[in-house]
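Visitor: I'm new here and would like to learn how to read this fold. Could you walk me through it?

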Amino acid sequence: MTAPLPEQEDLNTLMTRRREELQELLRRGVNPYPYSFDRTAMSGGIKTAFKDEDPPRDVAVAGRIMSLRRMGKASFCHIEDPEGRIQVYLKKDDLGEAYETFRLMDIGDIIGVKGFVFKTRTGEVSVHARSFELLAKSLRPIPTPKEVVDEQGNKTVYDGFADKETRYRQRYVDLIVNPDVRDVFVKRARIVSAVRRFLDGQGFLEVETPILQPQYGGAFARPFITHHNALDIELYLRIADELYLKRLIVGGFDGVYEISKDFRNEGMDKSHNPEFTMLEVYVPYRDYLWMMGMVESMMAEVARAVNGSLKVTIGGNEIDFTPPWKRLTMAEAIRMYTDVDITGMAEADLRAAARKLHVEVAPSDGFGRIIDEIFSEKVEHHLIQPTFITDYPVEMSPLAKRHRSAPGLVERFEAICNGHEICNAFSELNDPLDQRARFEEQMNARARGEEEVQPLDEDFLRALEYGMPPTAGLGIGIDRITMLLTGQESIRDVILFPQMKPER
C-alpha cells in the first residue's frame, strides 16, 4: 500500500548538503554542468543485445542516478534513461582519484559512464565503469519511496510523490519518479502519429488556421479574450477550427484536417481542461453516415497501432473498438434510460420532464439545452462501449444540415465511449440562408441569457454564399481518445502541463 511520507529529513538540510557537495566538486576542478556527452547506447538496447558468449562490449551510457549503494572500494548505482534502468559497477582500482569524486554523487544526479557490458554473479546485465563524468548535479532531492515494516511484519510503502496536484504541477518530477507516466505520453505521441498516417492515407491535406480570431465560433463555449495593441481590437482564442476549415472547402480543397490547440473558458473536471487538443476533418461530397464509418476505421487502426489490440481496459471496463459500433438516435437513447419520449415534445413539457428527472435547467435554457442536460446527466454515463448517438434536435446544432427525412432534427452524431463524448460530427449545413437564420436564432438565445451560443459570423456567411459542396465534418478530442487508449480516467493524466490554480 502507499501512504503520505512520514517524518523525513528537513528539505532545507538536504538541499544545503547538496550545495556543499557542489562547492567541493568545484574546488576539485570538476565542472558539474559540462556541455555534452557522447552516448553510444541505452539501457534497453544493451539488455536486449547482451549474450553470455559475446566478448565484452564497450559502451557509453548516460542517465539519472536512481539508486546508489556505496562500499569501501566498490559501488553500485542504477541510472535511468529513456529506455529504462541499468546497473553501473564502479571500482576504485579502475577509477583511481575519480572514485573519490563519485562519493560526492547523489540520487538524482545525471552522470555519463564509459565502460564494458557484463553480467553480475546475480545475473544482472550491468556496465563496468572505466570512467564516469558528472553531467548535472541535482540540487534538490528527488522523492523516493520508503518502506516501513511494523512489529507484525506488515510493510507500508510511503510514496514521496503521491499527491496528484503536486504531480501535475511539478510534472518534471512526476516523469522522473514514475516511468509509467512517461509511457502514457509516449503513447500519446504515437496516437497523434497514427491519426496523421490514417488521414494522410485518405488523401486529406493537413492545414493550419488562426488561433487568434476576430470572431470565435464553431462550438457552444465561452472564449478567452485578448487585445491586439497595434490594431487596437479585441481578439479571441479559438474555441474550434470549424468555420475556417469550411472556408477552405469553399475554396476547393478536397478534404482537409487540422490537429490544433483549442481554448474554452469553462470549468475543469476529469474530462475538461480549458486548453485541449482537437482534430477536425472536413470532406466534401460526403455525409455524416459516411463519417461514422471513417471514425470506426480510424479508431480501430489507431488502437491497433498504439496497443496492438482493439480492446483496452479502463476503470474496470473492457472497451472494444471493433467495428461496427452501436447506433442509437438521441430520442432512442433518452427513452431507453429515462422512459421519457422527447419526440415531438413541446418545450414546456420537456422542462416538466427535466424537473421530474431531477435535472436542473436554467430559466434561460431553450429546448436544445434542456435535452442536452437530460442526456448528459441521465444517459451518457451508461454508454460504456463505443456508441454513435445520432439525429439531434435542430436547436442543439446550428451548424448541421437538416435531417433529410426527420423534420425538426439534424444529421449529427456524437460518439460516446466510457461515459464521455469523444467526437462530434455533422452533415455540414451549406445553405447560406438557413445558416443565417440559425445564427439569428442563436442571437435570440443570447438575448435570453444563454452565454455559450454560436455568434453570427458575417464573413463565414459570405463564404457560404459562394457555394460549399455537400460536406461531412468531424471534431474528435485527442485528449479524450488518449485517455481511452492509455487507460486513464482523468484528462489531466494525458496533458503534460494541465491548467492549475496558482501556487500560494
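**A buried arginine**

Guide: Let's start with Arg 412, which is buried, at a relative accessible area of 8%. Buried means under 20% relative accessible area, exposed means over 50%, and partly exposed is in between (1.4 Å probe, protein chains only). This is a predicted model, where local features need pLDDT of at least 70 and side-chain atom pairs count only at pLDDT 80 or more, while totals for chains, interfaces and linings use all residues. Residues are numbered from 1 along each chain as its sequence is written, and side-chain values use heavy atoms, with hydrogens and water left out.

Visitor: In which strand is Arg 412 found?

Guide: Strands (E, at least two residues) and helices (H or I, at least four) are DSSP runs, numbered from the N terminus. Arg 412 belongs to strand β19, residues 409–417.

Visitor: With which side chain does the side chain of Arg 412 make a polar contact?

Guide: A polar contact is a pair of N or O atoms within 3.5 Å; within protein, one must be able to donate a hydrogen and the other to accept it, and residues adjacent in sequence count only if both atoms are side-chain atoms. Here the partner is the side chain of Ser 397, at 2.8 Å. Contact in general means heavy atoms within 4.5 Å. Leaving aside residues up to four places away in sequence, Arg 412 touches several others, including Tyr 288, Asp 391 and Phe 426.

Visitor: What order do the strands of the open sheet follow?

Guide: Two strands pair if DSSP finds at least two bridges between them. Eight strands make up this open sheet, in the order β9-β13-β14-β21-β20-β19-β18-β17, with mixed pairing. Its edge strands, β9 (205–206) and β17 (326–329), each pair on one side only. Strands β20 (residues 420–427) and β21 (residues 471–477) run antiparallel, joined by five bridges. One detail to look for: Ser 427 has Ala 472 in β21 as its bridge partner.

Visitor: Which residues have the most contacts inside the largest nonpolar core?

Guide: A nonpolar core is a set of buried Ala, Val, Leu, Ile, Met, Phe, Trp, Tyr and Cys residues joined through side-chain atoms within 4.5 Å. The largest one has 43 residues, and Leu 199, Leu 279 and Phe 321 have the most contacts inside it. Helix α9 (residues 288–307) gives the largest share of this core, eleven residues. Another core, of 40 residues, lies apart from it and includes Met 345 and Phe 426.

Visitor: How many strands does the closed barrel have?

Guide: Five, running β2-β3-β4-β6-β5 with mixed pairing.
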